[in-house]
Amino acid sequence: MVVPGVRKRGKDPDAQQGTSSDPAKIVATVIGGFLLAGLQLFHSILDSLLIFGAVQSGAGITYLEWFVWFAYTLLFNMVGGLVLVTALRLVRTKELLMERRREAPDDPDASRRSG
């Protein structure tokens, strides 16, 4: 079904969050992989499961120690999500909204009133 004014998602260069360049996508993927594996950054959910396993197996870790670790992990995950993801998308969205407003007709309701 074709809807006037709506582009197909598969053909939209903005569908890939900012670029349609394959080399740029590859570089972004390699950088993300390096940050996680190369700098030995771990996923906090997996780490939490490992810590629970350690607590259950009798290691010298208490639930209080886990909670202290989890508190700062949660804080930094929230800050990272808000700054790195949400803020960057808001900046990108501003550009897209300004572009759509420039392309929009002066009176978008004119076709409804005339017909």
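How many aromatic pairs does the count come to? The count comes to 6 aromatic pairs, where the rings of Phe, Tyr and Trp (its six-membered ring) pair if their centres lie within 6.5 Å. This is a predicted model, in which local features need pLDDT of at least 70 and side-chain atom pairs count only at pLDDT 80 or more, while totals for chains, interfaces and linings use all residues. Residues are numbered from 1 along each chain as its sequence is written, and side-chain values use heavy atoms, with hydrogens and water left out.

**Helices α2 and α3**

- Helix α2 covers residues 44-56 and helix α3 covers residues 63-103, helices being DSSP runs of H or I with at least four residues, numbered from the N terminus.
- The axes of α2 and α3, which are lines fitted to C-alpha atoms over the stretch in contact, come within 11 Å and cross at roughly 180°, on a scale that runs from 0 to 180 degrees between N-to-C directions.
- The two helices α2 and α3 are therefore roughly antiparallel to each other, a term for angles over 145 degrees.
- On the α2 side the contact (heavy atoms within 4.5 Å) is made by S44, D47, S48, I51, F52, V55 and Q56, and on the α3 side by Y63, W66, W69, T73 and N77.
- By class, this contact of α2 with α3 has 6 nonpolar, 5 polar and 1 charged residues, where Ala, Val, Leu, Ile, Met, Phe, Trp, Tyr, Cys and Pro count as nonpolar, Asp, Glu, Lys and Arg as charged, and the others, Gly among them, as polar.

**S48 in helix α2**

- S48 has its place in helix α2 and counts as buried because its relative accessibility is 8%, buried meaning under 20% relative accessible area, exposed over 50% and partly exposed in between (1.4 Å probe, protein chains only).
- Apart from its neighbours within four places in sequence, S48 is in contact with W66 and W69.

**Aromatic pairs**

- Ring pairs link F52, Y63, W66, F67, W69 and F70 into a cluster.
- One of the pairs is formed by F52 and Y63, tilted at 6.2 Å centre to centre and 50° between the planes, given that planes under 30 degrees apart count as stacked, over 60 as edge-to-face and the rest as tilted.
- Because F52 lies in helix α2 and Y63 in helix α3, this pair ties together parts that are 11 residues apart in sequence.
- F52 is partly exposed at 31% relative accessibility, and Y63 is partly exposed with a relative accessible area of 45%.
- The rings of W69 and F70 have centres 6.4 Å apart and planes at 45°, so this pair is tilted.
- W69 counts as buried at 17% relative accessibility, whereas F70 counts as partly exposed at 25%.

Methods
Angles under 35 degrees count as roughly parallel, over 145 as roughly antiparallel, 65 to 115 as roughly perpendicular and the rest as oblique.
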